[in-house]
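This report walks through one chain and its ligand. Keep the sequence and the 3D view open side by side.

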Amino acid sequence: MQFFTWIRPLEVKEEGNTLRLIAPTSHMQDWINRKLLPQIRAAVAQVKPQNPPEVVVEVGGDYNLAAEPAPQNARPAGGAAVVEVEKPKTAGIRHNLNPAFTFENFVEGKANQLAAAAARQVAENPGGSYNPFFIYGGVGLGKTHLMHAIGNAMLKNNPDARVVYLHSERFVADMVNALRHNKIDQFKRFYRSLDALLIDDIQFFANKEQSQEEFFHTFNTLLEGNKQVILTSDRFPKEVDGLEDRLKSRFGWGLTIQVEPPEFEMRVAILLQKAAEADVRLPEEVAFFIAKRLRGNVRDLEGALKRVIAYAQFTQQPITLELAKDALKDLLRIQEKRITLENIQKTVADYYKLPIRELLSKRRSRNVARPRQMAMALAKELTSHSLPEIGDAFGGRDHTTVLHAVRQMKKLRSEDARLEEDFNNLIKILTN
Ligand code: ADP
Ligand code: MG
């Protein structure tokens, strides 16, 4: 019954590691988000346990619908007909915002505090001084979530705001479509008439010259009219290869902020938050366990949590540490296999441009001793090897030497921003 009503009408699109479920109406989108999404996610996590795709529910079909004002009541369900609307200034446009991504359920911590604070500012004061607002950072760190949160908040503040969210690939596809159907003028008019344009993952614009050109003009028109532009990318704008310089430099006109990988406490908080959202009781020790073992990004954390929840549902057991370990066995084995002591030594040696043999030697000069301490601290942080095992692997050192290194690094990192950065970079390299 549910299947025929809610699931069957959905169109499924796979984009990278995201599964887009396209619902014919926003009512259906709402309903699925509220009632079915946890189940769908759990099912998907069962099918692809190693790397469960993110599932998002959107409204709409092809270019016509995305790019043209189409009030909900006038749109035939699932149809692709274009409906002409006289009043362009209505909230009837397809904003593509996912109501599940809000500020309320965005967990803040050191890693994203600035980005979140700025995002709230932008939502409160669109077209203000943070324009464009550019969020960058690694995969699965909450960029898309924040972007939707801004859009949703803008709509809440002003239901008539013409806000549109688009993945950059979608923008490109829409443009190509518009060209093919001789609708490029409509396309331009539409995008240039917005109050806020949110374009996700602009690194996908790379080497698509015509799209960049069109985007450049849209972008300028919006900025000139004090309309808000929000962009995300996986790296700092200037470092996106294949983007025209004039675009890169414009991106820097407003505010550019990075989101970083979450710290342990934040990872725990995110897990507890996600569990609460799914209406699941997650014992703290299980949250600690997952957060300790998975440190890469939030998407992986969520993936692990979904797995545990699905496993508990299917076996009809409560979530315990035991069960979580069981559910995540394979996933963690892969992680552990990747991060070995040799791996850490090699990575640190490469990073500091030292031969590994120096790292393992008895030399005590600082340019060797610091990297060595760094490597030992990373070994403690990223593997489950004991202090004596780590000491052994580092040229037969005593476990107290390792303990000293771990403490020393912790202290130094809090005092020396460079070291802290090295540490985070190395973790990123080792866990990606
Ligand atoms: P990105 O766009 O940076 O790749 P996403 O925004 O898609 O990452 O985030 C991946 C998943 O992690 C989403 O389900 C999102 O809700 C969740 N997420 C990321 N950061 C946070 C956070 N700080 N609080 C709550 N959920 C988060
Ligand atoms: Mg994203």
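## A threonine in helix 8

T218 touches Y191 and R192, leaving out residues up to four places away in sequence; contact means C-beta atoms, placed from the backbone, within 7 Å. T218 lies in helix 8. Helices (H or I, at least four residues) and strands (E, at least two) are DSSP runs, numbered from the N terminus.

T218 counts as buried because it has 22 C-beta neighbours inside 10 Å. The classes are buried (20 or more other C-beta atoms within 10 Å of the residue's own), exposed (12 or fewer) and partly exposed (in between), with C-beta atoms placed from the backbone. T218 and V229 are 11 residues apart in sequence, and their C-alpha atoms are 9.9 Å apart in space.

## Model and overall layout

This is a predicted model, in which local features need pLDDT of at least 70, side-chain atom pairs count only at pLDDT 80 or more, and totals for chains, interfaces and linings use all residues. Residues are numbered from 1 along each chain as its sequence is written, while chains are lettered from A and ligands numbered from 1 in the order in which they are written.

The chain has 20 helices and eight strands. Of its 432 residues, 40% are buried. Among contacts between residues at least 6 apart in sequence, 72% join residues at least 24 apart.

## The shell around ligand 1

Ligand 1 is surrounded by 17 residues. The closest are G142, K143, T144, H145 and V298. A residue is near the ligand if its C-beta atom, placed from the backbone, lies within 6 Å of it. Seven shell residues are nonpolar, six polar and four charged. Here Ala, Val, Leu, Ile, Met, Phe, Trp, Tyr, Cys and Pro count as nonpolar, Asp, Glu, Lys and Arg as charged, and the others, Gly among them, as polar.

Helix 5 (143–157), helix 10 (264–277) and helix 12 (298–315) each supply at least two shell residues. Domain 2 (80–258) and domain 3 (264–337) each give at least three. The domain bounds come from an automatic or database domain assignment.

The UniProt annotation "binding site", from an unreviewed entry, covers G140, G142, K143 and T144. UniProt positions are given in the numbering used here, feature names are shortened, and annotations may be inferred rather than shown by experiment.

G142 sits in the loop between strand 4 (133–136) and helix 5. It is buried, with 26 other C-beta atoms within 10 Å. Neighbours within four places aside, G142 is in contact with F106, N112, V259 and V298. T144 is in helix 5. T144 is buried too: 22 other C-beta atoms lie within 10 Å. Again leaving aside neighbours within four places, T144 contacts D200 and T232.

## Helix 12 and what follows

Helix 12 has 18 residues. From first C-alpha to last it reaches 26 Å, close to the 26 Å expected at 1.5 Å a residue; the expected span is 1.5 Å times one less than the number of residues. Of the 18 residues, 15 are buried, so helix 12 is largely enclosed by the rest of the structure.

Just after helix 12, Q316 takes a positive phi of about 50 degrees, although it is not a glycine. Q316 is in the loop between helix 12 and helix 13 (321–327). It is exposed, with 6 other C-beta atoms within 10 Å.

## Backbone features elsewhere

D201 also has a positive phi, about 55 degrees, and is not a glycine. It lies in the loop between strand 6 (196–200) and helix 8 (209–224). D201 is buried, with 21 other C-beta atoms within 10 Å.

A cis peptide bond joins N131 and P132, with omega about 0 degrees. P132 is in the loop between helix 4 (113–124) and strand 4.

## A partly exposed histidine

H385 is in the loop between helix 17 (366–382) and helix 18 (387–393). It counts as partly exposed because it has 18 C-beta neighbours inside 10 Å. Beyond its neighbours within four places in sequence, H385 is in contact with L341, A379 and I390. H385 and T340 are 45 residues apart in sequence and 9.3 Å apart in space, C-alpha to C-alpha.

How values were computed. Two residues are in contact if their C-beta atoms, placed from the backbone, lie within 7 Å.
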